[in-house]
Amino acid sequence: MRGLLARRMKFHLIGAFVVSMGSAALYKFGVAEPRKQAYADFYRNYDPMKDFEAMKAAGVLESARVK
């Protein structure tokens, strides 16, 4: 029984480190990178004036007059 706590703690610290690094990598490559790519794809072909005209025509913007 001597040294049991130290042995178990070393095992659990290494396990916690591996699990946390795995979770961080999984989030980065499973969530963050696809999200950044989706934003990049959206803004690559985004035309703000076209979007503004569509919102103005729909009556969403109260300060812009509808023609």
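This note sets out numbered points on the predicted model of the protein.

1. Overall architecture. The secondary structure consists of two helices and zero strands. Helix α1 covers residues 4–44, and helix α2 covers residues 48–58. A loop between α1 and α2 holds Tyr46.

2. Overall dimensions. The radius of gyration of the protein is 26 Å, whereas a compact globule of 67 residues would have a value near 11 Å. Taken along the principal axes, the box filled by the C-alpha atoms is roughly 85 × 25 × 10 Å. A pair of residues illustrates the spacing along the chain: Val19 and Asp47 are 28 residues apart in sequence, and their C-alpha atoms are 43 Å apart in space.

3. Of the 67 residues, 3% are buried.

4. Met21 belongs to helix α1. Because its relative accessible area is 46%, Met21 is classed as partly exposed, the range for that class lying between 20% and 50%. Val19 is also placed in helix α1. The relative accessibility of Val19 is 57%, so Val19 counts as exposed; the cut-off for that class is over 50%.

5. The loop residue Tyr46. Tyr46 is situated in the loop between α1 and α2. Its relative accessibility is 33%, and Tyr46 therefore counts as partly exposed. The side chain of Tyr46 is joined to the side chain of Asp51 by a polar contact of 2.9 Å. Asp51 falls within the residue range of helix α2, 48–58, so this contact links the loop to that helix by definition of the helix as a run of residues.

6. Which residues does Lys56 touch, not counting residues up to four places away in sequence? On that basis, the contacts of Lys56 are with Leu61, Ala64, Arg65 and Val66. Lys56 itself lies in helix α2. Why does Lys56 count as buried? The reason is its relative accessibility of 15%, since the class requires a value under 20%.

Notes: Residues numbered from 1 in each chain as written. Predicted model: local features only at pLDDT ≥ 70, side-chain atom pairs only at ≥ 80, totals over all residues. Heavy atoms only, no water. Helix = DSSP H or I, 4+ residues; strand = E, 2+ residues; numbered from the N terminus. Buried < 20%, exposed > 50% of the residue type's maximum accessible area, 1.4 Å probe, protein only. Contact = heavy atoms within 4.5 Å. Polar contact = N/O pair within 3.5 Å; in protein donor to acceptor, adjacent residues only side chain to side chain. Rg over C-alpha atoms; globule rule 2.2 N^0.38 Å.
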